[in-house]
Amino acid sequence: SSPRGGREGAMLAHYLLGRCYDDMGEAPLALEEFHNAENAADTTDIQLDYKVLARIHGQASNLFLQVEDYDDAIQENKAVRRCAILASDTLMFISAHEMLASIYEAKGETDTALVIRDQAIDLYERAGMHNRAARCTGSSIDNLVERGELEKAGRYIHEYETASGVFDANGEIMHGLEVYYYSKGLYLLRNGHLAAAESLFRKELMLSERYSQRQAGYKGLRELFQILGKSDSVAKYAILELQMCDSANIQHSAESYQHMQSLYKYERMRQRAYSAERKKHATEIRLLYYALLTAILLFALFVSIYV
């Protein structure tokens, strides 16, 4: 095969192996294969498939995000956007920019996340991708409400509900996105529409399955009853909110433990491989030493006999 085919084939092979490890929950091995894939790419080749290379960096970025290594996630995301430019792929570039906002949000830098997400929305609109722009607005609503930007939050709610494509004919949101009912409920609460807000908080609790989403529902009800001055209800929902927070933390800790266990096994495997390599190297040095010593002795013997 040609050198290009060999390098590109190796890149794809490492990438696919990394995806397999990722599916198996072996994050450290997956990351190593993604890095091997990145290193196998011949960036001097003008025909390099930068779309594939962008996906490799994207997978690595997602893994770093999962293990809360935000700085490396940002660096890999930057590589995705660079590859998207070289591949002339507008959608890939904007999607990566949108993902960058999620990384900063997970990092706790919500102001930065809002700015970056607004940039992504603007880029989608400029590219004529109005559906994607509208879908992107949904992730900013609760943060806008918390910042007191109610007018902008209301505009985003309208765009999300009318143009995102994530609602059915009855106005029900797609499964898995039910936390939106908390975001809209919070918006209504801050605008004084208490009954409507309560209805959405309870709807979110009824439909959500994830602990973090249910925690949001209880948080909304706690804030509602604080406004109403009903201390018994405030205490009730504060306790439920705390229980959901604990459950979410336990779930997150279990996932982190699985990752750490995977990392520990990986490090043990690497240490064994390193130890075996050192033993092999030491054996080779000893053999070389004995061969050299034998040669010297034979030479000395030859000199003593014939000279």
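Buried here means under 20% relative accessible area. All views show a predicted model.

**View 1. Helix 12 and its buried residues.** Helix 12 covers residues 211–228. Its 18 residues should span 26 Å at 1.5 Å a residue, and the end C-alpha atoms are 26 Å apart, so the two values agree. Gln213, Ala216, Gly217, Tyr218 and Gly220 are among the buried residues of helix 12. Leu221, Arg222, Glu223, Leu224 and Phe225 are buried as well. Gly229 follows helix 12. The phi of Gly229 is positive, near 75 degrees.

View 2. Tyr160 and Phe167 are both buried. Phe167 also pairs with Tyr180: the centres lie 5.6 Å apart and the planes stand at 80 degrees, so this pair is edge-to-face. Phe167 lies in the loop between helix 9 (150–163) and helix 10 (180–190), while Tyr180 is in helix 10, so the pair ties together parts 13 residues apart in sequence. The relative accessible area of Phe167 is 19%, under the 20% limit, so Phe167 counts as buried. Tyr180 has 3% relative accessibility and is buried too. Tyr160, Phe167, Tyr180 and Tyr181 form one aromatic cluster.

**View 3. A nonpolar patch on the surface.** Leu298, Leu301 and Ile305 form this patch. Together they have about 300 Å² of accessible area. Ile305 sits in helix 13, residues 231–306. Its relative accessible area is 53%, over the 50% limit, so Ile305 counts as exposed.

Conventions
Residues are numbered from 1 along each chain as its sequence is written. This is a predicted model: local features need pLDDT of at least 70, side-chain atom pairs count only at pLDDT 80 or more; totals for chains, interfaces and linings use all residues. Side-chain values use heavy atoms; hydrogens and water are left out. Patches are made of residues with over 30% relative accessible area and no salt bridge: like charges are joined within 9 Å, nonpolar side chains (Val, Leu, Ile, Met, Phe, Trp, Tyr) within 5 Å. Accessible areas come from the Shrake-Rupley method with a 1.4 Å probe; for residues, only the protein chains shown count as cover. A salt bridge is a side-chain nitrogen of Lys or Arg within 4 Å of a carboxyl oxygen of Asp or Glu. Helices (H or I, at least four residues) and strands (E, at least two) are DSSP runs, numbered from the N terminus. Buried means under 20% relative accessible area, exposed over 50%, partly exposed in between (1.4 Å probe, protein chains only). The expected span of a helix is 1.5 Å times one less than its number of residues. Rings of Phe, Tyr and Trp (its six-membered ring) pair if their centres lie within 6.5 Å; planes under 30 degrees apart count as stacked, over 60 as edge-to-face and the rest as tilted.
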